[in-house]
Amino acid sequence: MATLKDIGVAAGINIVTAFIFFIIFAVLRLQPFNDRVYFSKWYLKGLRSSPASGGFLNLDLRAYLKFLHWMPEALKMPERELIDHAGLDSVVYLRIYLLGLKIFAPIAILAWAVLVPVHWTNHTLELAKQLKNVTASDIDKLSVSNIPLYSKRFATHIVMAYAFTIWTCYMLKKEYEIIANMRLQFVASEARRPDQFTVLVRNVPPDPDETVSELVEHFFLVNHPDHYLTHQVVCNANKLADLVDKRKKLQNWLDYYQLKYSRNNSQIRPMVKLGCLGLCGQKVDAIEHYMAEVEKTSKEIAEERENVVKDQKSIMPASFVSFKTRWAAAVCAQTTQTRNPTEWLTEWAPEPRDVFWPNLAVPYVSLTIRRLAMSVAFFFLTFFFIIPIAFVQSLATIEGIEKVAPFLSVIIEHGFIKSVITGLLSGLVLKLFLIFLPSILMTMSKFEGFTAISLLERRSASRYYIFNLVNVFLANVIAGAAFEQLDSFLNQSPNQIPQTIGVAIPMKATFFITYIMVDGWAGVAGEILMLKPLIIYHLKNAFLVKTEKDREEAMDPGSIGFNTGEPQIQLYFLLGLVYAPVTPMLLPFILVFFALAYVVYRHQIINVYNQEYESAAAFWPDVHGRIITALIISQLLLMGLLVTKRAALAAPFIIALPVITIGFHRFCKGRYEPAFVRYPLQEAMMKDTLERAKEPNLNLKGYLQDAYIHPVFKGGDNDDDDDSVLGKLESEVIIVPTKRQSRRNTPAPSRISGESSPSLAVINGKEV
């Protein structure tokens, strides 16, 4: 059981660790050779071309005296300017931290002013210490565990629960309204983008007489005759993309050995082994080997390009369809196209940067099976993960270590070491267990077939939140508390067990305090060091960089990481709302996390992170829903806690809280969520009208023609080859006479053939 001394030692260690991280960062960021790592965003935007101070090292001692100067600098940029600089997604992500401060700062003040005196002025735990199966610390005296059974003081908790709920709902509504308006304003004011005019069409029905491209063109010329502009069919270019990546890696090795040879004054040719990992096998000339491999892969790429263009099996029953106006795209994306709701499915196309190209080749009919399989896999991952976490957590305690290694008792019973183990080890172990989880969840999301990176991250974030709820919260609070009182469970009568749980659950607050300090204090401070990108950049810079373009490619600033960052924030919302009426001592630790994380991530967004897509804060309804879920869980747990405390007369007063909270959520969902899932036709028409007035001669078709061409057909080293392939993709379909009625009813010239439809004369002659 952690004491105030143990928590103090853990807090001191984490504060010192965070402070050391900040000092190291302050030194590293001032060095010119690290400038492209810690200010990479300014380089990518073309606003910075060289370090602020010349040379290899910064020798200006005055610069080191202001090692925390980056904190106020990170807060100076106004929000509107930050939106222009980093995008709305980044700004709204930062507002989640601000929302945490706005919610928990007043709650913490109220809880410490009202609930802490109510808890502290009892003597329940002092009397319980006389029993063999009950242990408590000074921290537990600040919790609801120190209130005796049947006490009238529980009325205070009910009043505080109502106050906390009302304040949280008020702040959620206010924030939802602000962000919905920010989204609508951002969408109305942002520059022209291809996705504003484009929809993704899935499940195009097969036809033996026409290709997918012909089918798509005919369908939209018939059903959207005045608005259809162009389309681009989806190709299965995954194998081609793999070959392109393979050639890039081989080219990097070739460049490395050529550079190594040019720097070698002895003129000894570099050699390489062909066996496993270059550790065994035949030894050959490295430059000649990689030149041959690059040439061989280039030929494979050329052959695969031809296969993708010529083989109709490489064309998927899907297409990006572009329209002449935003209004027409909005109508198409938000309506049903045919009587059969399983065919010609339309949705907003992701912006080109957001498209996850490998999943476009996934057959639509397999998506349901894939998602069902991943749901089952996630279920087993979530619930079977409890076993190793519980086992290792049991070992990460004084009692667990003494059981496994009794000979260490003399060492770990030492005052300082005991405090470190009690106040730090369990939180650190849990943090280590969760390191690989985000990668696993992202792989599962990719397998499910989502076509946008933003959707992949949102899906992964949703599952990460559920995992945290089950394994980090429920497993530790309920199962962990029960295991701590296992002996008393075995020795008590059934009617005494709820009382034990009621006392034990609030005591788990000490574990979460240690976890918040490890993950939320030292972890956030470590984020600003960017150790992994720093090491990778210098390795690339030392071995692979030859030109300025190579140096730019060596920078890998990354992005916010919504799939990991947002679930982490939601865990702190959950802990804060659950423990606010139970153990208010946890709230200051959460406030420190929100304040520190806001400053750190604001600095990173301004100077480092380069968001790879822009969804205009489409994730906010998920954020709102998870906070509502946390609020309901806190109400239900408080209700159960009052029942175990024999406050049965007080518990019914809380029943209304979940009902009110759910009603509030339904109100917000109906009032504000449409702004995040639909695009108002009025806004689309206004923007189209304004654009026509400003640019009457805009060549929109030329702007959209190649916007959704697969990246392997764009740019690269062989631009001439890519241009020829693009031309083939445009001309690969020749409209031929057919007996299909859709062909006869096409009321406009074909985009590809340029010839008039046979029905034009009939239509012009007004024959029905």
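Predicted model: local features only at pLDDT ≥ 70, side-chain atom pairs only at ≥ 80, totals over all residues.

Start by selecting Glu-673, which counts as buried because its relative accessibility is 18% (buried means under 20% relative accessible area, exposed over 50%, partly exposed in between, with a 1.4 Å probe and protein chains only).

Residues are numbered from 1 along each chain as its sequence is written, and side-chain values use heavy atoms, leaving out hydrogens and water.

Across the whole structure, a search finds 20 salt bridges. Select Arg-48 and Asp-35 for one of them, at 2.7 Å from N to O. This pair links distant parts of the chain, 13 residues apart: Arg-48 is in the loop between α3 (40-44) and α4 (61-65), and Asp-35 is in helix α2 (residues 35-38).

**Helix α20**

Next, select residues 437-448, which make up helix α20. Its twelve residues reach 17 Å from first C-alpha to last, close to the 16 Å expected at 1.5 Å a residue (the expected span is 1.5 Å times one less than the number of residues). Colour Leu-437, Pro-438, Leu-441, Met-442, Met-444, Ser-445 and Glu-448, the buried residues of α20. Look down the axis: these buried residues fall within an arc of 160 degrees, so they line one face of the helix (the arc is that of the directions from the helix axis to the C-beta atoms). On the other side of α20, Ser-439 and Thr-443 are exposed.

Stay with Glu-448, which is buried at 0% relative accessibility. Its salt-bridge partner is Arg-459, with the closest N and O atoms 2.9 Å apart. The pair links distant parts of the chain, Glu-448 in helix α20 and Arg-459 in helix α21 (residues 453-484), eleven residues apart. Arg-459 is partly exposed, at 27% relative accessibility. Just after α20, click Gly-449 to find a positive phi of about 95 degrees.

**A nonpolar patch**

Switch to a surface view and select Leu-372, Val-376, Phe-379, Phe-380, Phe-383, Phe-384 and Ile-387, which make a nonpolar surface patch of about 720 Å². (Patches are made of residues with over 30% relative accessible area and no salt bridge; like charges are joined within 9 Å, nonpolar side chains, namely Val, Leu, Ile, Met, Phe, Trp and Tyr, within 5 Å.) Helix α15 (residues 367-384) gives the largest share of the patch, six residues. Leu-372 lies in this helix and counts as exposed, at 58% relative accessibility.

**Annotated spans**

Finally, the unreviewed UniProt entry places "transmembrane region" features at several spans, including residues 6-28 and 649-668. Select residues 6-28: the span is 100% helix and 0% strand, with its end C-alpha atoms 33 Å apart. Residues 649-668 are 85% helix and 0% strand, and their end C-alpha atoms lie 32 Å apart.

Definitions and conventions. Areas by Shrake-Rupley, 256 points an atom, 1.4 Å probe, with all protein chains shown as cover. Salt bridge = Lys/Arg side-chain N within 4 Å of Asp/Glu carboxyl O. Helix = DSSP H or I, 4+ residues; strand = E, 2+ residues; numbered from the N terminus. UniProt positions renumbered as here; feature names shortened; annotations may be inferred.
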